[in-house]
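Take a look at the structure below.

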Amino acid sequence: MWQRLSFRTQLFLPLGAGFLAALILGGVLLQVFATGQLAEENEPRRRSTEAVAAALNNALSASDNPRQTLDAFVHSLDTSSDIQFRTVEAGPAPPPKGDLRKPHGVPQWFIDLLAVPEMDTAFPVTIDGRRVGDIVFLQDMSADLFEKWIGFLALASLLAALMVLTGTIAHVLSGSVLRPLQDLGEGLTRIGRGDYTKPIPVGGPPEIRQGCEEANALAATLAQLSQDNRNLMHRLVSLQDDERRDLARELHDELGPLLFSIRAGTIALTDASEPTGHLGNSAQDLLQSVEALQQTNRRILDRLRPLYIEELGLSSSVQTLLRNFRKQAPHIVLTDAIDPDLSGIAGPLAQTVYRLIQEALTNVLRHANAGNAHVQAMVADKTLVIEISDDGGGFPAGNVLGRGLTGMQERVRALSGSLSLLRVDERTYVRCRLPVETVRDVPSPG
């Protein structure tokens, strides 16, 4: 639970708890020591009252007219004094005016917290051995309570000021640490996605600055390695294209004439066998086999090197590929949305697009058991988006790429693109995104 809290929360919670504990501790100490202190401060007054009562009793004992002496004493008392005389006939005295236990501005909860001791004390006054009244000490702790309240407010204000000051300092310091850490985290996320172009801002304490600098150095190294890897993959793909071109040339120049010669000889043999009636069926079978071999040779040549991309353009070449697919697989309903602007794409990018669509449709035909398929190729925002979808059975377990799509993935990565396989709503999608301008930046092989 604690680990899920943010850094600021983990920082401010202990600070707030510490200040709250300090405030509670101050209240406890105030309650423990203030009660005894109040009693000690009022003890001299109580003793003075006791001494006054003793002196009055002595004076009454020695007086010829004790009642008159008592009346004179009572009239000499100030009504606001802490010492008052209460006759026996008057009964218990009412509480002093203004409730001296609760001075103005001091809340009742604070007085209850202090547990103010009961110090109202009565000392008997006697005449001829008969109790005629009491000298009463009425405690007035207004000033003491107000003093304690002011002290408590000062302590609470000091703690609040310290808390605000400490919180402000912690907020500023945490901000100076968190901002660079957030920049570092965002930068590492970009590096993880393969974006090495935007450097991480260097700031904060020296330890974080060092981490940012090392992350930027790592990004620069990864960017160089990524560029070298793309260049290497581009060279490998170019070598593969050269090998395909050479193999296609060999098949066209060597095998093509041989097949044509065999076909011509077979036609001649067929024509010669018809009048005699001998070997007619065998010659016809041989002729059909040779024609099938020629068609197979043409398909192999098309897969090895679609020579008409440079002549017709990518858009027309793709349309030709789709027409051939419809002839080869009439049971699959194939729809398309091909951007005419594809004709402006040439070179390795055009070959990659053509072979990606070709490989995806081959997989649809051989493995998907689909009823319909859709091919889309659009140029938007300097990005070429290709999508081939079908309603077939989907990918094998683990979505393992076959050799054909693995080769396509290498081609796409060599051009700084991305290739993904998806299964959504009972349809299988092969999606590819290629930056159109990338080819201009990739050095040609050799």
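## Charged pairs, a sheet and a patch

Aspartate 134 is buried, because its relative accessible area of 7% is under 20%. Keep in mind that this is a predicted model. The partner of aspartate 134 is arginine 131: their side chains meet in a salt bridge, at 2.3 Å from N to O. Arginine 131 is partly exposed, at 42% relative accessibility. Salt bridges with shared partners also bring in another residue, joining Arg86, Arg131 and Asp134 into one network.

Why can such pairs form? Side chains of opposite charge can pair when their charged atoms come close. The count for this model comes to 7 salt bridges. The table lists some of them.

| Salt bridge | N to O distance |
|---|---|
| Arginine 131 and aspartate 134 | 2.3 Å |
| Aspartate 183 and arginine 179 | 2.8 Å |
| Aspartate 336 and arginine 326 | 2.9 Å |

Consider aspartate 183 and arginine 179. Both sit in helix α4 (residues 142-193), 4 residues apart, so about one helical turn separates them. Aspartate 183 counts as buried, at 15% relative accessibility. Arginine 179 is partly exposed, with a relative accessible area of 42%.

Now aspartate 336 and arginine 326. Aspartate 336 is partly exposed, at 28% relative accessible area. Arginine 326 is partly exposed too, at 29%.

Strand β4 leads us to the sheet. In which order do its strands run? The order is β4-β5-β6-β8-β7, in an open sheet of 5 strands with mixed pairing. The edge strands, β4 (333-338) and β7 (418-424), each pair on one side only. From one strand to the next, the twist averages 10°. Strands β4 and β5 (residues 372-380) run parallel and are joined by 6 bridges. In β5, valine 375 stands opposite aspartate 336.

Helices pack on this sheet. Helix α8 (residues 314-328) touches β4 and β5, and its direction makes about 175° with that of β4. Helix α9 (residues 347-368) lies across β4, β5, β6 (383-390), β7 and β8 (427-435). Helix α9 runs at about 10° to β6.

Leu20, Leu23, Ile24, Leu25, Val28, Leu29, Val32 and Phe33 make a nonpolar patch of about 740 Å². Leucine 29 has its place in helix α1 (residues 7-62). Leucine 29 is partly exposed, with a relative accessible area of 41%.

Conventions
Residues are numbered from 1 along each chain as its sequence is written. This is a predicted model: local features need pLDDT of at least 70, side-chain atom pairs count only at pLDDT 80 or more; totals for chains, interfaces and linings use all residues. Side-chain values use heavy atoms; hydrogens and water are left out. Patches are made of residues with over 30% relative accessible area and no salt bridge: like charges are joined within 9 Å, nonpolar side chains (Val, Leu, Ile, Met, Phe, Trp, Tyr) within 5 Å. Accessible areas come from the Shrake-Rupley method with a 1.4 Å probe; for residues, only the protein chains shown count as cover. A salt bridge is a side-chain nitrogen of Lys or Arg within 4 Å of a carboxyl oxygen of Asp or Glu. Helices (H or I, at least four residues) and strands (E, at least two) are DSSP runs, numbered from the N terminus. Buried means under 20% relative accessible area, exposed over 50%, partly exposed in between (1.4 Å probe, protein chains only). Two strands pair if DSSP finds at least two bridges between them. Axes are lines fitted to C-alpha atoms, for helices over the stretch in contact, and angles run from 0 to 180 degrees between N-to-C directions. Contact means heavy atoms within 4.5 Å.
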